[in-house]
Amino acid sequence: MKKILIGNWKMCDKSALDALHFLKDLPGAQKKDVRIAAPFTLIREMAGNSLKIRIGGQNMHSFGEGAFTGEISAKMLREAGADFVLLGHSERRHLLGETNEFIQGKVERALVEGLSFVLCVGETLEERESEETFDVIQTQLESAFDGISDDQLESCNALIAYEPVWAIGTGKSAEMDQIIKVHEFIKSKYDLPVLYGGSVNLENFQKLVGSRSIDGVLVGGASLGAATFSQMIQLLPEG
Ligand code: PGA
């Protein structure tokens with residue numbers, strides 16, 4: 001399986017022109033599994049790029065349509081050109097109050113609409129310090145995949161991203177042994193690729209993607225600069 005590199009652009013302030021410029025010169029991207037979870041307003045512009053970088057959304061609603069002001073549906077994402085979506089990112093869980101139950105609805109909706117997704121899970125520092133990491137991850141996974149079969153998950157090429165909340169945007173990546181323990185735990189339960197996210201940068205990139213237990217990385221801050229992202233693409237193992 002190819003290792004996967006996903007950039008999470010969050011609510012960055014790139015214009016459509018900036019985004020197109022970013023996509024101009026990323027050598028080697030065509031041959032690798034590179035994706036960008038873009039702000040909604042950039043998806044249409046970025047989708048279908050000649051580098052074959054897959055473009056996705058960062059969130060969607062669990063309902064197919066309706067009176068949900070400010071929300072976006074799976075169908076709307078697909079129509080804009082997205083071919084995957086991030087679900088349950090910790091910023092949405094912790095800053096915007098998304099519950100495991102709501103996230104389960106989103107997983108179901110993504111499956112109904114045939115939209116591939118990346119389910120993000122991860123513990124807070126408090127949970128890690130009180131040795132609840134594995135319980136928290138298990139609960140997040142079991143709730144999100146409640147009532148959903150392994151076949152359904154595989155058929156939509158679902159991915160799981162382990163992102164410890166305390167490592168996101170802090171410059172403090174988790175240690176390799178901490179990551180590997182959680183990845184092996186997840187892999188013992190689900191036959192899906194598991195990515196790591198949380199302060200991935202050029203210094204720790206190679207070690208992370210070189211590990212047998214890590215199927216790829218989800219990169220926030222460090223994915224915003226074309227030069228850094230381009231170097232990551234070059235360092236990404238092909239097979
Ligand atoms: P970071 O973000 O790389 O800036 O820590 C990762 C993420 O939130 O997906």
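**Exercise 1. Find what the charged end of Lys 14 sits over.**

Look at Trp 9: the charged end of Lys 14 sits over its ring, 5.0 Å from the centre. The rule here asks for NZ of Lys or CZ of Arg within 6 Å of the ring centre and within 35 degrees of the ring normal. Trp 9 also belongs to a cluster, linked by ring pairs to Phe 22 and Phe 229.

A word on the ground rules: this is a predicted model, where local features need pLDDT of at least 70 and side-chain atom pairs count only at pLDDT 80 or more, while totals for chains, interfaces and linings use all residues. Residues are numbered from 1 along each chain as its sequence is written, and side-chain values use heavy atoms, with hydrogens and water left out.

**Exercise 2. Classify the ring pair of Phe 145 and Tyr 190.**

Start with the rule: rings of Phe, Tyr and Trp (its six-membered ring) pair if their centres lie within 6.5 Å; planes under 30 degrees apart are stacked, over 60 edge-to-face, the rest tilted. That gives 7 aromatic pairs. For Phe 145 and Tyr 190, the centres are 5.2 Å apart and the planes at 70°, so this pair is edge-to-face. (Helices, H or I with at least four residues, and strands, E with at least two, are DSSP runs numbered from the N terminus.) Finally, both Phe 145 and Tyr 190 are buried, meaning under 20% relative accessible area; exposed is over 50% and partly exposed in between, with a 1.4 Å probe and protein chains only.

**Exercise 3. Work out which residues of helix H11 are buried, and where they lie around the axis.**

Go through residues 226-235 and you get Phe 229, Ser 230, Met 232 and Ile 233 as the buried ones. They cover an arc of only 160° around the axis, which puts them on the same side of H11; the arc is that of the directions from the helix axis to the C-beta atoms.

**Exercise 4. Find the salt-bridge partner of Lys 187.**

A salt bridge takes a side-chain nitrogen of Lys or Arg within 4 Å of a carboxyl oxygen of Asp or Glu. Lys 187 bridges to Asp 215, with the closest N and O atoms 2.6 Å apart. Lys 187 lies in helix H9 and Asp 215 in the loop between H10 and S8, so the pair ties together parts 28 residues apart in sequence. As for accessibility, Lys 187 is partly exposed at 27%, whereas Asp 215 is buried at 10%.
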